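Colleague: I'm new to this one. Could you show me how to read it, feature by feature?

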Amino acid sequence: MPIRAVYDRWVDIPDEAESLFLHFAKADCIISVYVNGHWEGDVLPSDPYVDLSSYAGSGRIELCLRVMRRFYSDEVG
């Protein structure tokens with residue numbers, strides 16, 4: 001059975017930030033990225049980056065990751 005998890009965290013973004021990217025060093029699973037409740041993209045093993053630059057300099061954001069692993073040993077990154 002797939003294993004599903006949700007990670008939710010508030011992140012403070014510096015006011016002077018001009019760009020913002022989320023990177024996963026090793027993601028063997030599917031990760032859906034949400035910011036302030038809005039879907040921003042999926043992270044796949046072949047594309048471990050999500051561009052969140054539209055939130056650069058916006059202060060505090062809510063970052064939510066919805067993770068689906070095929071196997072327990074799959075790394076989230």
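This is a predicted model: local features need pLDDT of at least 70, side-chain atom pairs count only at pLDDT 80 or more; totals for chains, interfaces and linings use all residues.

Colleague: Let me step back a bit. How many helices and strands does the protein chain have?

Modeller: The protein chain has six strands and zero helices. Reading from the N terminus, the order is simply β-β-β-β-β-β. Of the 77 residues in the chain, 35% are buried.

Colleague: What share of the contacts joins residues 24 or more positions apart?

Modeller: If you take the contacts with a separation of 6 or more, residues 24 or more positions apart account for 76% of them.

Colleague: Now the inside. What should I look for there?

Modeller: The general idea is that in soluble globular proteins, nonpolar side chains tend to be buried together. Here, the largest nonpolar core has 18 residues, and Leu22, Ile31, Val33, Leu52 and Leu65 are those with the most contacts inside it. Strands β3 and β6 each supply at least two residues of this core, and the largest share, four residues, comes from β6.

Colleague: Which residues does leucine 22 touch?

Modeller: Not counting residues up to four places away in sequence, leucine 22 touches Val33, Pro48, Tyr49, Val50, Leu52, Leu63 and Leu65.

Colleague: What about charged side chains?

Modeller: In general, side chains of opposite charge can pair when their charged atoms come close. This structure holds one salt bridge. Aspartate 12 and arginine 60 form it with their side chains, at 3.5 Å from N to O. The pair links distant parts of the chain, with aspartate 12 in strand β1 and arginine 60 in strand β6, 48 residues apart. Both aspartate 12 and arginine 60 are exposed.

Colleague: Then which side chains does aspartate 42 make polar contacts with?

Modeller: One partner is the side chain of serine 32, at 2.7 Å, and another is the side chain of tryptophan 39, at 3.3 Å. Aspartate 42 is in strand β4 (residues 38–43), while serine 32 is in strand β3 (residues 30–35). With a relative accessible area of 35%, aspartate 42 is partly exposed. Serine 32, at 16%, counts as buried because the cut-off for that label is under 20%.

Colleague: What else is in contact with serine 32?

Modeller: Setting aside neighbours within four places in sequence, serine 32 is in contact with Trp39, Gly41, Asp42, Cys64, Leu65 and Arg66. The C-alpha atoms of aspartate 42 and isoleucine 31 are separated by 5.5 Å, although the two residues are eleven residues apart along the chain.

Key:
Residues are numbered from 1 along each chain as its sequence is written. Side-chain values use heavy atoms; hydrogens and water are left out. Buried means under 20% relative accessible area, exposed over 50%, partly exposed in between (1.4 Å probe, protein chains only). Contact means heavy atoms within 4.5 Å. A nonpolar core is a set of buried Ala, Val, Leu, Ile, Met, Phe, Trp, Tyr and Cys residues joined through side-chain atoms within 4.5 Å. A salt bridge is a side-chain nitrogen of Lys or Arg within 4 Å of a carboxyl oxygen of Asp or Glu. A polar contact is a pair of N or O atoms within 3.5 Å; within protein, one must be able to donate a hydrogen and the other to accept it, and residues adjacent in sequence count only if both atoms are side-chain atoms.
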